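Here's a quick briefing for anyone meeting this structure for the first time. Have a look at the sequence and the model, then read on.

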Amino acid sequence: MPCNQIIAAIDIGTSKTVAIAGTKDEQGKIQILSIGEAETKGVIRGTVQNIMLASQSIKEAIQKCQKNLAKTITYVYVGIDGRNISSEVVTHSKVINDIINDDDILQLTDEINKISAGQGENIIHVIAQDYAVDNVSVGINPKGYNGRKLEGTFYIVKGKEKAVKNIYQAVELAGLRIIRLFLEPLASAEAVLSTDEKEIGVILADIGAGTTDIAVFQDNILRYTGVVPLGGKAITNDIKKGCGILERHAEQIKIQYGAALSQKDFKKKAVSIKGVNGKTKEIPFTTIAAIINARVEEILGGIAYAIDNVRSDTSLGAGLVLTGGTTKLKSLLQLTKFRLAIETRIGIPMINKQEFATESYASAVGLIIKGCQDTEDRIERQRNKQERAAAAGQQQQSSQPNNQDKNSKAKDDKNKDKGNSKQGGGFGGFLQKIASKIFSEPNDSKM
């Protein structure tokens, strides 16, 4: 079912802030409508530090994004990077006296939310790993089973309370409201991984400017998250210090001439940079490659550590997928395959507009996908709630005496018809009213 809404999201990166808007069409495909970018300020390694500066970056990005839209963006989904989260696996159970239904599963999840949050933490995601009914595993969906005890194993993703609060304050200062936070590597996975890859087992490494966020999937379930506190910004700083040049020149060199491995013709090449004193400095390509290689090797070491952590419990049949802006670095794919001895590919968002189909937008595009899914889930829950309420009302009405006042019933029906004519009847009108409620009452980060 298409979400029938324009979904907006903010990806607050270390080097750039991206505002993005999109929707899902009738065929279920994600359509990116607009993207706006701004240089990030007030953020260090993915963490909002200066709220006012970060807010200015968000506001600039959202204004650029809105130029191509016929509406003003107010409510947004926002990503939180792996550096500000922790995770654990928790098992919890509840007594069941009948056939297990959706309410039983939701109650179990709600209880996990209440008991799992520690001091100074906010729960970002509660991801079911497995359920058991009367101590017998039933997989990921226990609905319909009959038993006396429902037990669930959950992967809990928690965000640092201060980091979460800073994100909320920066976004709200920009005149926006957050519907929900999503873990960024979980969002990136939606944009670049196939369902088949997530089923047979895959590890994703999103190498951004400040951090490398890691996520592992098997059986289409998130099984592990991790973070390497290094990214493209560290490479830029290394070039700056190693070559004695300005940061903007170091970034330019990395993008235009940088490579993770030295090439045969590098010995004959050099780049000329004008220094602050007006003198020109010649920097050999071999020097640049050696500096980049040392830092990339360190990042790959962190990814290797994650692979070792999960290989005993998880099959990585689909190998490793690299995404994020830093994966544009020349020779990175070649070096990764050699060092980690694992099948590796570069992940690019699978979307409609080719200008947006780049590694740099993986997380932003993923936030739109997750936002559409979340909107659909909310509408479905509201519809189920109304259907149950209507069924309960009918049951109560049928238990009342048959000699009800027919005139009163006719009056109620007439008023109901008037209400439908004003608000729009049928399922389309229902969706409109529910969607309006969703976007006027966003949930907080604990949901």
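**Where two helices touch**

In α8, the residues N293, V296, E297, L300, I303, A304 and I307 meet L332, L335, T336, R339 and L340 of α9; contact here means heavy atoms within 4.5 Å. Sorted by class, the residues of this contact come out as eight nonpolar, two polar and two charged. The classes work like this: Ala, Val, Leu, Ile, Met, Phe, Trp, Tyr, Cys and Pro count as nonpolar, Asp, Glu, Lys and Arg as charged, and the others, Gly among them, as polar.

Before going further: this is a predicted model, with local features needing pLDDT of at least 70 and side-chain atom pairs counting only at pLDDT 80 or more, while totals for chains, interfaces and linings use all residues. Residues are numbered from 1 along each chain as its sequence is written, and side-chain values use heavy atoms, leaving out hydrogens and water.

**Helix packing**

- Two packed helices are described by the angle between their axes and the distance between the axes.
- Helix α8 (residues 285-311) packs against helix α9 (residues 332-340) at an angle of about 50°, and their axes are 10 Å apart.
- That angle makes α8 oblique to α9 (under 35 degrees is roughly parallel, over 145 roughly antiparallel, 65 to 115 roughly perpendicular, and the rest oblique).
- The crossing of α8 and α9 is right-handed, meaning that the near helix is turned clockwise from the far one by less than a right angle.
- Helix α1 (residues 51-66) and helix α3 (residues 161-173) also pack at an angle of about 50°, with axes 8 Å apart.
- That makes α1 oblique to α3.
- I51, M52, A54, S55 and I58 of α1 make the contact with N166, Q169, A170, V171 and L173 of α3.
- By class, the contact of α1 with α3 has seven nonpolar, three polar and no charged residues.

- Searching the whole structure turns up two cavities of 30 Å³ or more; on a 1 Å grid over the protein atoms alone, a cavity is a set of points where a 1.4 Å probe fits but cannot get out, and its lining residues have an atom within 4 Å of a point.
- The largest cavity holds about 40 Å³ of space, and its lining is I12, G46, V48, G79, I80, D81, I167 and E184.
- The second largest cavity has a volume of about 30 Å³ and is lined by I207, I235, V296, I299, T326, L329 and L332.

- About 1,100 Å³ of space lies in the second largest pocket; a pocket is an open set of points with protein on both sides within 12 Å along at least five of seven lines.
- Of the 45 residues lining the second largest pocket, S15, G208, A209, G210 and K233 are the closest to its centre.
- The largest share of this pocket's lining, seven residues, comes from α6.
- The lining of the second largest pocket has 10 nonpolar, 17 polar and 18 charged residues.

- D98 sits in the loop between β7 (85-95) and α2 (102-116); helices (H or I, at least four residues) and strands (E, at least two) are DSSP runs, numbered from the N terminus.
- D98 and G147 are 49 residues apart in sequence, and their C-alpha atoms are 6.7 Å apart in space.
- Leaving aside neighbours within four places in sequence, D98 is in contact with Y145, N146 and G147.

Technical notes
Axes fitted to C-alpha atoms, helices over the stretch in contact; angles between N-to-C directions. Points joined across faces, edges and corners; volume = space filled by probe spheres on them.
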